[in-house]
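Read it with the model open.

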Amino acid sequence: MIRAVVRGFGASLPKRVMTNRELEDLVETSDEWIVQRTGIHQRYIAGEGETTASLGAAAAKAALDNAGLTASDIDLIICATSTPDNTFPATAVNIQNRLGIHHGFAFDVQAVCSGFVYAMATADLYIRGGMAKRVLVIGAETFSRILDWTDRTTCVLFGDGAGALVLEAAEGEGTTDDRGVLTSQLRSDGTHKEKLYVDGGPSTTGTVGHLRMEGREVFKHAVGMITDVIEAAFDATGTSADDIDWLVPHQANRRIIDGSAKKLGIPSEKVVITVDVHGNTSAASIPLALAVAAGDGRIKKGDLVMLEAMGGGFTWGAVLLRW
Ligand code: ACO
C-alpha cells in the first residue's frame, strides 16, 4: 500500500514582530485582555516585499533542505491560502516559479484556517492515486493585509507566516514503519458564512475586503466541531486519545485549544502551542507549529500526530498521521 510520508518540514516568518503593547497604540485594547482571552503575546507582520508567495517559497525551500531534496525532486505543489498574491494565477504556481521549476503542476486550496488540513488530505490522495511522488504542501498567509486595523475585535488575533511539509510516496509495510497519513476527515457547512468572512471579492465588490467575525459565535461552535472530527479520525483508524503522541491544532485561540484537548482527554503536555508567539496565521498555523515542534525534537519519527482545524465557511477537519 502506498502511503504519503513526511520527509521534511520548514517555516518562514516575516522579519517584523508586533507585540500586544504596540496594538494598544492602534486600538482600545490591552496586553492583559489579549493574553487572557486568546493566549497571544505577539505576532509577525509582513513588511514591504514580503508576500504570501515569498513567505511560502521560503518555507518550501526550508522544507526541501530539511528533506535533503531540491525543487527538481518535486512534482506537485499545493498551497493553502486565503490571502493569495493575486486573484490568479495561483500562489502555488507563483511559488513553483520562485523555486525555479517548470515541471509538474501546482494549485491552491482555499478552506481558510482549515486550508492546511484540506491540502494534506488532497496531497495524500494524489500520492496514493499515483499521480504524484513528492509533494510540497504549503500553508502561507498574510492576514495582516485583510484586517481592519480599526476593529479591535479582529485585528489583535491574526499574524502572517508560512510553513511547509514535503510528503513522499512510500510503499510497503515495514519499509515505512507504517508511517504516513492514516486518515483525513473533512467537513464544511456554508450556513455559517456570516460568522466569519471577508466582505469583499472580485465577483461581488471588486475589492479585496476585510475580515469580519462574530468571535463569540465562532467560539461557540469551535470545540464541538473540532472534537467531532477528531473522534471520526479515531473511529476510522481504531485509535484513541491514549495513542496520540502529539495534538497539533490550528492555532486560533488558547481557550479553544485547551477546551478541545480537555474534552478529548489529551493531556496538555501532548499539545503543541505556538499561538502565543505566532497569533492566528490561518492556513499557515499548523505547518508552522509542526516546524517548531519537529525542529526542537519534540515530534519524532514514528510519533502519532493529530492535526485539526476549524475556520471560515465553516470548514473543519482532522488528519491523523504517523510522523
Ligand atoms: N480589547 C479589549 N476589549 C475587547 C477587544 C479587544 N481587542 N475585543 C473585544 N473586546 C470587548 C468586547 O467589545 C466586549 O465588550 P462588551 O462586553 O463591553 O461588549 C468584551 O470585550 C467581550 O467580548 P467577547 O467577544 O464576548 O469576548 P470573548 O471572550 O468571546 O473573546 C474572542 C473574543 C477572543 C474573539 C473569542 O470570541 C474567540 O476567540 N473566538 C473565536 C475566534 C476564532 O478562533 N477565530 C478564528 C477562526 S479561524 C479562521 O477561519 C480565521
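In this predicted model, 48 residues of domain 1 are in contact with 45 residues of domain 2. Contact means that C-beta atoms, placed from the backbone, lie within 7 Å. The side of domain 1 that touches domain 2 draws at least two residues from each of S1, strand S3 (42-45), helix H5 (115-128), S6, helix H6 (152-155) and S7. Helices (H or I, at least four residues) and strands (E, at least two) are DSSP runs, numbered from the N terminus. By class, the residues of that side split as follows.

| Class | Residues on the domain 1 side |
|---|---|
| Nonpolar (Ala, Val, Leu, Ile, Met, Phe, Trp, Tyr, Cys, Pro) | 26 |
| Polar (the others, Gly among them) | 16 |
| Charged (Asp, Glu, Lys, Arg) | six |

Domain 1 spans 2-171 and domain 2 spans 180-322. The bounds come from an automatic or database domain assignment. Over C-alpha atoms, the two domain centres are 14 Å apart.

Now the sheet. Five strands form an open sheet in the order S1-S7-S6-S4-S5, with mixed pairing. Strands S1 (2-12) and S5 (105-109) are at the edges with a single partner strand each, so one side of each has no neighbour in the sheet. Pairing requires at least two DSSP bridges between two strands. S4 (residues 76-80) and S5 run parallel, joined by five bridges. Ile78 has Phe107 in S5 as its bridge partner.

Helix H10 (residues 285-295) lies across S1, strand S6 (134-142) and strand S7 (160-171), at about 75 degrees to S7. Axes are lines fitted to C-alpha atoms, for helices over the stretch in contact, and angles run from 0 to 180 degrees between N-to-C directions.

Residues are numbered from 1 along each chain as its sequence is written. Local features need pLDDT of at least 70 and side-chain atom pairs count only at pLDDT 80 or more, while totals for chains, interfaces and linings use all residues.

Conventions:
Two residues are in contact if their C-beta atoms, placed from the backbone, lie within 7 Å.
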